[in-house]
Amino acid sequence: MRFQMESDFAKHVKGPELERVYLLHGTQPYLIANYEKLLVKKALGGEFNDFNLHRFEGDSLDLQAFYDAVESLPFFSEGRCVTLDLDPDKLDAGQLDELCGVLADPPRTTTVVITVKNPPAKREKLARLVKACDGAGCVVELGSRRSSDTLRFLRDRAQKNGCELESAVASYMVERCTDDLQLLATELDKLCAYVGGGRVERADVDAVVTTVLQAKVFDLSKAILRGRFDAAMELVDQLIYLREPAGKVLAVLSGAFCDLYRGFAARQANVPAERAAAELGYAKNRTFAIKNAMSDSGGYTAGQLGKMLTLLADADMRLKSTGGDDRVVLEETITKLFLLTGKRAG
């Protein structure tokens, strides 16, 4: 059984039914860890006890010990629970087959909870694991939430910390931190401790919250498009100081300008942002990227945007092939982007 919606899985976790095997995977470690905790509690009848709970880590997985734990009978209880935090990349083909064999038909008295918090390099391994767990229990992928759910998560957590967080400030936090709930939770707790109670302002976010690479580069692209050359170079200084690889910065910057081109195309075709985001494969919580791009692309032609993307592609090739000074390549690229915008540096 596979749950397509997190809301449906949440209802299942709260309900009476209990599967023998659960596979929780996706891009949100916070959600995976939270649902794992709820499933363990459910499997043990609301009680955590060392006799009927056995945890395994993928880095040091002893498959024989795992098999023995799964097959063991519960001790003075109706059921037992076995958890495995797994990195499929650490298993060879034979080990993966052996693990899937254990998961194919565990005893009715055992609940196995498998968590995969980092997508494996080889999707075939995850597909093999999904097939095995789907046959014996259920699989749920926990990825990006809807924007409204993420904002509600932040507001509720702020309230529990004695603070008031308006939606606009919560959205700004997401822009600064991405939608990683684990990172958002950590940064929000730090932010509430800094504020000490009451309303959280945007200035508080700027003062305390750690900005991720994507947000820094987003600011860099904004500075370029608005003709703020000094601000752009200051951001480059910050990124170099933080030891962010120039290639990584360039990759994120290229993504921002690809968004700009897509926004331009959507605006030219009179396609609403929500529809454009969906048809272009953007997650629901990233509709804002297309909205911003549609607005920011208004002052440019298709020719200008095409030249910008070509310039970024050439810079990427230079970084990968010439072995030159990465910072020089990055700064030259930004300077040429300014020239292509046709805006006066200020």
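**View 1. The largest nonpolar core of the predicted model.** Within the largest nonpolar core, which has 42 residues, those that touch the most other members are Phe9, Leu24, Tyr35, Leu154, Leu165, Leu188 and Leu191. Such a core is a set of buried Ala, Val, Leu, Ile, Met, Phe, Trp, Tyr and Cys residues joined through side-chain atoms within 4.5 Å, where buried means under 20% relative accessible area, exposed over 50% and partly exposed in between, with a 1.4 Å probe and protein chains only. At least two residues of this core come from each of α1, β2 (21-25), α2, β6, α6, α7, α8 (181-195) and α9 (202-208), and α2 gives the most, with seven residues. Helices (H or I, at least four residues) and strands (E, at least two) are DSSP runs, numbered from the N terminus. Because domain 1 (6-141) and domain 2 (147-208) both give residues to this core, it lies between them; the domain bounds come from an automatic or database domain assignment.

This is a predicted model, in which local features need pLDDT of at least 70 and side-chain atom pairs count only at pLDDT 80 or more, while totals for chains, interfaces and linings use all residues. Residues are numbered from 1 along each chain as its sequence is written, and side-chain values use heavy atoms, with hydrogens and water left out.

**View 2. Phe9 and its contacts.** Leaving aside neighbours within four places in sequence, Phe9 is in contact (heavy atoms within 4.5 Å) with Phe3, Tyr22, Leu24, Tyr35, Leu39, Cys138 and Val140. A second, separate core of 31 residues has Ala223, Met233, Val249 and Phe264 among its members.

**View 3. The largest pocket.** The volume of the largest pocket is about 1100 Å³. Of its 35 lining residues, Glu6, Glu141, Leu142, Gly143 and Ser144 are the closest to its centre. On a 1 Å grid over the protein atoms alone, a pocket is an open set of points where a 1.4 Å probe fits, with protein on both sides within 12 Å along at least five of seven lines, and lining residues have an atom within 4 Å of a point. Grid points are joined across faces, edges and corners, and a volume is the space filled by probe spheres set on the points. Helix α6 gives the most to the lining of the largest pocket, with six residues. Domain 1 (6-141) and domain 2 (147-208) both contribute to this lining, so the largest pocket lies between them.

**View 4. The second largest pocket.** The second largest pocket has a volume of about 660 Å³, and of the 26 residues that line it, Gln214, Phe218, Asp259, Arg286 and Phe288 are the closest to its centre. The largest share of this lining, seven residues, comes from α10. Since residues of both domain 2 (147-208) and domain 3 (213-341) line the second largest pocket, it lies between these domains.

**View 5. Thr333 in helix α16.** Thr333 lies in helix α16, which covers residues 326-341, and counts as buried because its relative accessibility is 3%. Not counting residues up to four places away in sequence, Thr333 touches Leu250, Leu311, Leu312 and Ala315.

**View 6. Asn270 in a loop.** Asn270 is found in the loop between α12 and α13 (273-279), and counts as exposed because its relative accessibility is 67%. Although Asn270 is not a glycine, it has a positive phi of about 55°.
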